[in-house]
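Colleague: Could you walk me through a few parts of this model while I have it on the screen?

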Amino acid sequence: MWWGGRGQSFNIAPHKEEPEMGLRGPKSDQGGRMPEPRSRRLGGCLASGCLPGNHALPMPLTPRLHPGLHLGLPHGWQGPEYLGHLDTPLSSDYDFALVNIGRLEAVDGLGLSRVQLLRPGSQLKFVPEELLIHGRDFRLLRVGFEAGGLEPQAWQVTMAIVQARAQSSQAQQCLGLPLTKAGQGSDSRKPPIPLLETSEDWEFERKKQGARGWRVSTVNERFDVATSLPRYFLVPSRVLDSEVRRAFGHFHQGRGPRLSWHHPGGSDLLRCGGFYTASDPNKEDIRAVESMLQAGHSDVVLVDVVDELPGLADVQLAHLRLRALCVPDSSVAEDKWLSALEGTRWLDYVRSCLRKASDISVLVTSRVRSVVLQERGDRDLNGLLSSLVQLLSAPEARTLCGFQSLVQREWVAAGHPFLTRLGGTGATPVFLLFLDCVWQLLQQFPAEFEFSEFFLLALHDSVRVPDTLTFLRNTPWERGKQSGQFSSYTQVYTPGYSHPPAGNSINLQLSVWDWDLRYSNEQILQFHNPGYNPEHGPDAWLPRQQVSFLVPGPPSSVWLFSKGALTPLHQLCPWRESPSLLAVSSRWLPRMAVSSESLADQEWGLPSHWGACPLPPGLLLPGYLGPQIRLWRRCYLRGRPEVQMGLSALTVSGLQDELSHLQELLRKWTPRAFPGDHSKKRDPSTILSHSC
Amino acid sequence: MLGKGVVGGGGGTKTPKPSFVSYVRPEEIHTNEKEVTEKEVTLHLLPGEQLLCEASAVLKYVQEESCQRGVCGRLVCTDFKIAFLGDDEPALDNAETQFKNKIIGENDITLHCVDQIFGVFDEKKKSLFGQLKKYPEKLIIHCKDLRVFHFCLRYTKEEEVKRIVSGIIHHTQAPKLLKRLFLFSYAAAAQSIIATSPKDHTVMFDTLKDWCWELERTKGNVKYKAVSVNEGYRICERLPAYFVVPTPLPEEDVRRFQGHGIPIWCWSCHNGSALLKMSALPKEQDDVILQIHKSFLDGIYKIIHRPPYEIVKTEDLSSNFLSLQEIQTAYSKFKQLFLIDNSTEFWDTDIKWFSLLESSSWLDIIRRCLKKAIEITECLEAQNVNVLLLEENASDLCCLISSLVQVMMDAHCRTKTGFQSLIQKEWVMGGHCFLDRCNHLRQSDKEEVPVFLLFLDCVWQLVHQFPPAFEFTETYLTVLSDSLYIPIFSTFFFNSPHQKDTNMGRESLDTQSKPLTPLTVWDWSVQFEPKAQTLLKNPLYVEKPKLDKGQRKGMHSKHRRQLSLPLTQPKSSPKRGFFREETDHLIKNLLGKRISKLINSSDELQDNFREFYDNWHSKPTDYHGLLLPHIEGPEIKVWAQRYLRWIPEAQILGGGRVATMSKLIEMMEEVQSLQEKIDERHHSQQRLQAEAPCLLRNSARLSSLFPFALLQRHSSKPILPTSGWKALGDEEDLAKREDEFVDLGDV
C-alpha cells in the first residue's frame with residue numbers, strides 16, 4: 001500500500017503553557033473575551049463534547065494534543081503558525097466531539113501491533129501505545145502516548161474517552177443531543193444570519209427576493225399545521241390562511257407548497273411534500289391545493305424529485321463506502337483507486353444531483369417557468385435541490401451571507417431532520433451530499449463564490465459539534481421547544497400575533513453561524529474566497545431588470561418533469577375527477593404511450609411556444625461529466641496527510657496579502673488615500689456581518 | 001505574397017454570411033447551389049503548399065444528433081492539410097478568438113494529424129482505407145489532437161466525392177517517402193522568409209559549445225568531457241555529432257561498437273553524481289563475441305567505477321520497466337474515451353468513467369514513470385550514486401526517464417527555455433525516433449508509440465501539482481503536443497540528427513544546393529501572436545531571486561546553476577565491497593541476458609524510496625529546488641485541457657481554472673505596478689515597461705475550455721443527457737412575439 005498507515009500523529013505534551021485548557025467547561029469562558037482573538041493553539045479537548053456539568057474527567061485524562069512536538073510529522077506540520085496558513089487552517093482539527101468518533105482503536109506497541117477496537121463500554125486489554133480516533137467526518141487523530149511522556153496515563157486516558165463516549169451515547173438516546181453551554185453569557189448578540197424564527201425575518205426575505213405576489217402566512221404559528229414546518233412561510237397572497245390550512249392537510253405530513261425562491265424574471269420555485277393520497281378532498285380543497293401550486297402562473301412544472309436521484313438508503317451506503325475508501329489504511333491498491341472510487345457511487349450521486357439542479361434552474365431562469373419540487377417527505381432532497389437551484393441561479397446565494405441564509409432557510413427552518421440524518425448509526429448524510437455538490441460548484445466556478453472551500457469544510461465539521469441547536473434538532477418545533485421560545489404563548493392562541501415576546505429568546509439565539517464561537521479570526525478570514533470576482537456578485541446582476549420571457553400558454557397547462565423530459569399532465573392534483581385511490585394513481589402517472597411518442601419527436605417535450613431564451617447572465621451551468629466531478633480531497637482524504645497539498649487558491653490569498661502589504665507601504669509614503677485600493681480590508685467582522 | 005496564396009471562388013472580399021442549415025433537404029441545397037459557391041471563403045496556402053483535390057457543397061456538422069446543425073462549404077485537401085472552408089462564423093471580438101494558431105485554422109487538419117478515417121454507409125460506420133468500391137455519404141475524421149470532424153457528402157457531386165475521399169485516404173494513410181514530407185517543400189519555398197529568431201535562448205545542442213555550456217552549468221565538467229569524435233557522423237548515425245562522456249574514456253572505445261556500450265552523460269546533480277545512459281550492445285549468440293563484449297564492458301566498468309566517479313547503479317529500462325507495447329495499447333484505449341462521435345455515445349460511457357479510465361491503465365503508466373523517476377532521483381540525490389540508464393537504443397524510455405528526472409531535480413528545466421533545451425538535448429539530439437513513433441510516414445503502425453506524449457503528460461502532472469514551479473503553463477504543453485503534427489517544423493520530423501542533417505542538405509557534398517534551414521518549433525511566433533503567447537507563460541512563476549539579477553543582464557552564457565548547494569565529495573561508501581555483485585549485474589545486463597526482478601525489487605530499495613518520498617513531502621516545497629510529484633491513486637489526473645477540450649459537453653461557462661487565472665493575472669499586474677511605484681519613489685529609477693495587455697484581462701465569463709474550442713460557445717443551451725434541447729424557434733421568431741409577452745409573475 002502506497003500510503004501505508006500514516007495519519008496525523010501527535011504526541012501528548014504534558015500541559016504547560018495553557019494549563020486547564022483541555023478542561024475548559026467547553027467554551028464557557030467565551031462570552032467575555034470575544035474581541036481578543038482566540039489562540040489557535042488551543043489544542044482542543046477530547047472531551048469538548050461531554051455533558052454540561054459532566055466534564056469532570058480526571059486531570060491527566062484531558063491530554064493537550066500538542067501539534068508542536070512532532071515525531072515524523074507529516075507535510076506542513078512545522079508549527080502552529082505554519083499550520084494555520086497551509087494545509088488545514090481550522091484548529092478544530094484537534095477538537096473531537098464525542099459524537100464524531102466513528103471508531104476508536106488502541107494500538108499495542110510491543111512490536112506485535114495488536115489493535116483493539118474500543119466500543120463504548122469495552123475494557124482495554126493492554127496498555128496502549130497509541131490511540132487512533134477515526135472521526136466520522138473523515139479525520140483521523142493519532143495520539144501517541146510514549147513520546148509525549150504520558151505513558152503512565154495511557155490507560156486512564158483511553159478508558160476515560162471510552163467512558164465519556166458511552167455516557168454521551170446513552171444520554172443521546174434519552175435526551176437527544178445535549179447542548180454545551182456555549183456562549184451563555186452573550187445573550188445580547190444579534191444573530192449574524194436571520195434565523196427565520198420571526199415573521200419579520202420572513203417578510204424581510206420576501207422583500208429581498210422581490211416576491212410581490214406572496215405573503216407571510218402565520219397559519220403554523222402554533223405548529224398545529226405541521227411541527228416539521230417553520231412557524232412562518234410564504235404563500236401566494238391571494239390564498240387565505242383558511243385555504244392554506246385546508247390545502248396543507250392533503251399533503252404528506254401537512255407539508256404543502258411554499259415559496260422557496262422567486263426569480264426576478266417572474267417564475268417561482270416552490271417545494272412541497274407528496275400528496276396525501278389517503279385523504280378525500282372536496283372540491284374546495286382541490287381548488288385550494290391547485291391555486292397554491294399554481295400560484296398565479298399558467299404553466300407549472302411539477303418535478304418528481306426522487307426520480308433519478310439516489311434514495312436515502314443509497315446515500316447512506318455510498319457515504320459509508322466512501323469513508324471506508326478514504327481511511328488511511330484502506331487496502332485499495334493505487335491502480336485500483338479509480339474503480340474503487342466509482343464503486344462507492346458517491347460521485348455518481350453528486351453528479352445526478354447537479355444534473356437535475358441544472359435542468360431545473362434552466363427551466364426556472366431561462367425558460368421562466370414556475371417549478372414545484374415535490375418529494376414525499378419534503379425534508380431531504382427537496383432541500384438539496386432547491387438550494388442547488390438557487391446557488392446556480394441566484395448570485396445572491398453565492399455570497400457568504402447569502403449561502404448561510406440559504407442553508408438556514410432551506411435546511412434548518414424547512415425542517416431537515418439533521419439529528420436523525422447525521423447522528424446515530426443509520427446516518428444518511430443528505431446534507432453532506434449537498435455540501436459536496438456545493439464544493440463541486442466551487443471547483444468549477446472559482447470566481448463565482450464569495451466563500452471558500454474552508455468555509456465549506458468548517459460547515460462540514462460543524463454538523464456534529466454540540467455547540468448550537470442549528471444541526472442538533474430535527475424540526476423547528478423541537479428547536480424552539482428547547483430554547484423555550486414559545487413557552488409563554490403556546491397555551492394561548494392570539495390571532496395575528498406575529499412575533500414572540502422579546503427577551504424570551506435568551507441565549508439560544510446562537511446558531512452555527514456564530515463562527516467566532518469556534519473559530520479564530522484568522523480562520524474566519526479564510527472563509528472568504530480571495531478569487532471571488534465581485535463583478536459577478538448579486539449587485540452587478542440584480543439591477544439589470546430581467547426581461548420577462550413569459551409566454552402565455554393554453555390556460556393551466558401542467559407539466560411533469562421526470563427522467564429528463566417534460567410530459568403534459570392532465571391536472572395538478574390526483575383527486576379531481578375520481579376520488580378513488582386506484583384511479584388516482586393511474587391518472588397521476590404520465591400517459592406512457594403518448595409521452596414516449598412525444599419524446600421521440602419533441603425531444604425534451606418542451607411546448608413549442610416556450611421560446612428559447614438567452615441564458616441569464618447570473619446563471620451557472622455546472623459540468624457534470626465523469627471527468628468533471630471530483631473527489632473532495634481536502635475533506636475526505638484528511639486522514640492521509642500525504643495526499644494533502646497546496647491549492648492555487650492559496651496563492652491568490654498570498655498575492656492578496658502582498659497587495660495589501662504594498663498598498664500599506666505606499667500609503668505610508670503618500671498622505672492621500674491610494675485610489676486603486678480595491679482590496680477589501682479583510683476583517684472577519686465585515687466578512688461575516690455586512691448587511692445580510 | 002508572403003506565403004498566402006489565394007485559390008478558388010474569387011469571392012474573397014465578400015462578407016461571409018452565416019449559413020446554418022438545419023434539417024437540410026437536397027432540394028434546398030440544389031436551389032442554393034449558386035449562392036453557396038459565391039459565398040466561399042478563400043483558402044490560404046503556405047509557401048510550397050499545393051492544392052490536391054476539393055469538393056464543394058460539403059456539410060460540416062457542428063454538433064451531432066439532436067441539433068443537426070451543418071455549415072455548408074468546401075472540403076479541400078492539400079499536400080499539407082485537409083481544410084474545410086465554410087462561411088466564417090460571425091466575427092467575435094472576444095478574447096477567445098485571439099488565441100488563434102496562425103498556421104492551423106480551426107477547420108484545418110494537417111495530414112499528419114489525421115488518426116483514423118471512417119465512412120458512414122447506410123447508417124453504418126466503417127473504417128476507411130485503401131481503394132474504395134463504394135463511397136460513403138458521411139466522412140468522420142478522428143484527429144491525433146482528439147478533434148472529431150463530421151462531413152456530410154450527401155449533397156456533393158459524385159465525381160467530387162470520389163476525388164476527395166480517395167484523395168484524403170491516399171494522402172493521409174498511404175506510406176510516404178521521407179523526401180515527400182511537406183517540410184521540404186515548405187523549407188525550400190519559404191527559405192527567404194524564414195528568419196532565425198535571435199531572441200530565443202533555447203540551446204539546440206548541435207555544437208560542441210552548447211554541450212560545454214551545459215557541462216559548465218551543471219558543474220559536470222570536472223569529470224566529463226564533450227567529444228567531437230562523431231563529427232560528420234563518422235562513427236555512428238544514431239548519436240549526435242557531439243556528446244559528453246566520462247573524461248578518461250578513450251576514443252577508440254567509442255568507435256569500437258559504434259557508440260554502443262559506452263556511458264553517455266545526460267546530466268550532473270549538484271552533489272556530483274550523474275545521470276548516464278547507455279545503449280545495449282548488440283545481442284550475440286557466439287561465445288567468443290560475448291567474451292569480447294564482456295572484456296570491453298569490464299574495461300568500461302573500470303573507468304567509471306573508480307574515484308572520482310561515484311558508484312554506478314544500473315537501471316535496465318528495457319526489461320524491468322514498461323514496454324513500448326504497453327504504452328501503445330494503453331494510449332489507444334485511453335484516447336477512445338475522448339474520441340466521441342456523438343453525445344449519446346458519450347453519455348453512455350459517462351457513468352462508467354472511472355472504471356473505463358482505470359482499465360485503459362494510461363494513468364497507471366504515468367504513475368509508474370513518475371515513480372521510476374523518483375527512484376532515480378533518490379539514488380542521485382540521497383545515495384549519491386551515478387545512475388546508468390540502459391535501453392536497447394537508449395532513445396525511448398531513456399529519453400523519457402532522464403528528462404523527467406531533470407525536470408524534477410533541475411529548476412532550470414522548469415523554465416521555458418530550459419525545458420526546450422532539455423527536449424533538444426534528450427529527445428531531438430538523443431535520437432528519439434519521432435518519425436517512427438509518430439508514424440509520420442505511415443510506414444508501420446506498430447512503431448507508433450506516444451512516448452513523447454507520455455512525457456508531456458508526466459510533466460503535466462508536475463505542472464498541475466506545483467503550478468508556481470513552472471514558467472510555462474499547461475496550455476504550453478498542449479500546444480507543444482499539437483506541434484508534433486505540424487510538418488513545417490523540423491524538430492519532430494526526424495529520427496535522428498543525422499537523418500535531419502543529411503536530408504536537409506547540411507552534410508551533403510553537393511555544394512550547389514544550399515542547405516535548407518527549417519523552422520524549429522521553439523519559435524512560437526510562427527504559430528502565435530505575441531498576445532496569444534502570453535497564455536503560454538505562467539503568471540504565478542517566480543524566478544529565483546538570485547538568478548533574477550543575472551538574467552536582467554541578458555547574458556546568454558551567464559546562466560548559473562539554480563541549486564547552489566556546495567559540491568560535496570562522494571562519500572566513501574561502506575558498501576564498496578557489495579559492488580562486485582552489482583558489476584556482475586551490470587555486465588550481465590549489458591550483455592543482453594536479461595535478469596529480471598533482481599535489481600529493483602529488493603526491500604531495502606523500496607524502504608529507501610519510501611523514506612525519501614515521505615521525507616520530502618513532509619517538508620514545505622521549495623519551488624526552486626527538488627520536486628517530487630505525488631503519485632498516490634487520487635493524485636494522478638487526466639490532462640483535461642488536452643483531452644477534453646473539443647468536447648462541448650465538457651464546457652463550463654464562466655468556470656474552470658481560467659476563472660482563477662484571470663483574477664491572478666489581474667492581481668499580479670497590480671502587485672507589479674505597485675512595486676514599480678515603490679521603486680520609483682525610492683530610487684526614482686526608470687519605469688519598467690508594463691506587461692502587454694493579456695488576453696485574460698477581461699471580466700467577461702470565459703469558458704473552461706479556454707483557449708480552445710471556439711465553436712462550442714454558440715451552444716449556450718444546456719445539453720441534456722437523455723435527449724437534448726430541440727432548437728425551438730430562432731431568435732427572430734422570438735422577437736416577433738416580444739410584444740405579446742405578459743408578465744404572469746405578479747398576477
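Colleague: Which residue in strand 17 of chain B stands opposite Ser279(B)?

Modeller: Glu391(B) in strand 17 of chain B stands opposite Ser279(B). Bear in mind that this is a predicted model, where local features need pLDDT of at least 70, side-chain atom pairs count only at pLDDT 80 or more, and totals for chains, interfaces and linings use all residues. Residues are numbered from 1 along each chain as its sequence is written, chains are lettered from A and ligands numbered from 1 in the order in which they are written, and side-chain values use heavy atoms, with hydrogens and water left out.

Colleague: How many bridges join strand 15 to strand 17 of chain B?

Modeller: Five bridges join strand 15 (residues 274-279) to strand 17 (residues 386-391) of chain B, and these strands run parallel. Strands here are DSSP runs of E, at least two residues, and helices are runs of H or I, at least four residues, numbered from the N terminus; two strands pair if DSSP finds at least two bridges between them.

Colleague: And what is the strand order of the open sheet in chain B?

Modeller: The order of its four strands is 14-15-17-16, with mixed pairing. Strand 14 (264-268) and strand 16 (312-316) of chain B each have a single partner strand, so one side of each lacks a neighbour in the sheet.

Colleague: Switching topic, is Glu474(B) buried or exposed?

Modeller: Glu474(B), which lies in helix 15 (residues 474-483) of chain B, counts as buried because its relative accessibility is 19% (buried means under 20% relative accessible area, exposed over 50%, partly exposed in between, with a 1.4 Å probe and protein chains only).
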